[in-house]
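This report describes how one protein chain is folded, for a reader who is new to the subject. Please keep the sequence and the structure in view while reading.

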Amino acid sequence: MVASGGLSEVLDWVSVHVPGPMRTEVIGVLNTATAEDGGPASTVDFWRTLAEWLVAKGHLDIAREAIRRWQTLVPADHPIHAVMGGPPPPDKPAVTEAPPPPKKEEPNSRIVRVIDTTYTFRRIEPQMDKVQGKKVVTAWEVFLVDDDPTSRAVLNGFDDGTYGPWAVSGVFSDFAGAAAVEVVVRSMQRHYVFTVKKADRIRKILGGFGLPFTAVVGVLIGYVMGVIH
């Protein structure tokens with residue numbers, strides 16, 4: 001016997017939910033199922049027959065799902081709804097996860113205020129791949145003094161949303177915090193370099209005058225000593 005579409009659906013359910021020793025008897029009952037008026041069975045009749053058989057055998061836990069499926073196929077005024085206390089609840093719609101919000105693109109420039117000065121960092125291509133295992137995805141630069149390439153300050157932007165200054169390794173913060181560290185440290189480095197250069201320049205100037213002055217003093221001392229003798 002080739003099962004009809006409705007019978008195949010019920011038999012598939014039986015193969016999953018009905019214990020093995022009971023299946024042979026269930027299949028025999030379903031194969032002899034008829035409509036309530038004695039006509040050929042349809043899908044609703046197969047579910048009704050299965051539900052009635054499970055209830056009669058005392059398998060109420062399995063019967064509940066069969067009854068629910070039977071209820072979904074009969075009219076609203078069918079007596080089974082009154083027996084069960086009302087129609088079955090509608091199937092819950094499939095839960096679909098909302099797509100993640102689109103990633104907000106970072107601007108090409110960001111303005112920060114450090115102490116009393118405002119700096120505009122501009123986005124550039126990353127200059128390195130990783131820093132201490134953190135992947136670098138963006139880089140930002142600013143020149144503390146316009147038209148002076150030696151005043152360059154740079155931040156790394158990482159894939160976890162943090163930022164790090166080039167001037168100090170191992171510091172990870174938000175953009176404003178990393179920018180403040182980078183600007184302050186670079187400014188101190190520049191001040192130190194300029195101070196050292198200025199001191200070296202003064203020493204060179206004094207050194208240039210020092211040698212001739214010493215020679216002159218030596219000559220004068222020799223002359224005075226010669227006169228005395």
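## Basis of the description

The model is predicted, so local features need pLDDT of at least 70 and side-chain atom pairs count only at pLDDT 80 or more, whereas totals for chains, interfaces and linings use all residues. Residues are numbered from 1 along each chain as its sequence is written, and side-chain values use heavy atoms, with hydrogens and water left out.

## Overall fold

The protein chain contains six helices and six strands. Helices (H or I, at least four residues) and strands (E, at least two) are DSSP runs, numbered from the N terminus. Read from the N terminus on, the order of the elements is α-α-α-α-α-β-β-β-β-β-β-α.

Of the 229 residues of the protein chain, 29% count as buried. Buried means under 20% relative accessible area, exposed means over 50%, and partly exposed lies in between (1.4 Å probe, protein chains only). Among contacts in the protein chain between residues at least 6 apart in sequence, 36% join residues at least 24 apart; a contact means heavy atoms within 4.5 Å.

Which residues have the most contacts inside the largest nonpolar core? They are W13, V14, L30, L50 and L54, in a core of 22 residues. A nonpolar core is a set of buried Ala, Val, Leu, Ile, Met, Phe, Trp, Tyr and Cys residues joined through side-chain atoms within 4.5 Å. At least two residues of this core are supplied by each of α1 (5-17), α2 (20-31), α3 (43-56) and α4 (60-71). The largest share, seven residues, comes from α3.

L30 illustrates the packing. Leaving aside its neighbours within four places in sequence, L30 is in contact with L7, V10, L11, V14, F46, T49 and L50.

Two packed helices are described by the angle between their axes and the distance between the axes. Here the axes are lines fitted to C-alpha atoms, for helices over the stretch in contact, and angles run from 0 to 180 degrees between N-to-C directions. The axes of α2 and α3 come within 10 Å and cross at roughly 135°. That makes α2 oblique to α3. In this classification, angles under 35 degrees count as roughly parallel, over 145 as roughly antiparallel, 65 to 115 as roughly perpendicular and the rest as oblique. The contact joins M22, E25, V26, V29 and L30 of α2 to F46, T49, L50, W53 and L54 of α3.

For α3 and α4, the axes come within 8 Å and cross at roughly 160°. These two helices are therefore roughly antiparallel to each other. Their contact involves, among others, W47, A51 and V55 of α3 and A63, A66 and W70 of α4.

## The strands

A second, separate core of 14 residues includes Y119, F121, W140 and A179. The strand pairs are listed below; two strands pair if DSSP finds at least two bridges between them.

| Strands | Direction | Bridges |
|---|---|---|
| β1 (residues 109-114) and β2 (residues 117-124) | antiparallel | six |
| β2 and β4 | antiparallel | three |
| β4 (residues 134-143) and β5 | antiparallel | seven |
| β5 and β6 (residues 163-165) | antiparallel | three |

Individual partners can be located in these pairs. R113 has T118 in β2 as its bridge partner, and R122 has E141 in β4. W140 stands opposite L155 in β5, while N156 stands opposite G164 in β6.

Two of the pairs can be followed through their turns. The hairpin of β1 and β2 has two residues between the strands, and I115 takes a positive phi near 60° there. The hairpin of β5 and β6 has four residues between its strands, and G161 in the turn has a positive phi of about 90°.

Why is strand β5 described as largely enclosed by the rest of the structure? Six of the seven residues of β5 (residues 152-158) are buried, so the rest of the structure largely encloses this strand.

A167 lies in the loop between β6 and α6 (175-228). With a relative accessible area of 22%, A167 is partly exposed. A167 and E182 are 15 residues apart in sequence, and their C-alpha atoms are 5.7 Å apart in space. Not counting residues up to four places away in sequence, A167 touches E182, V185 and R186.
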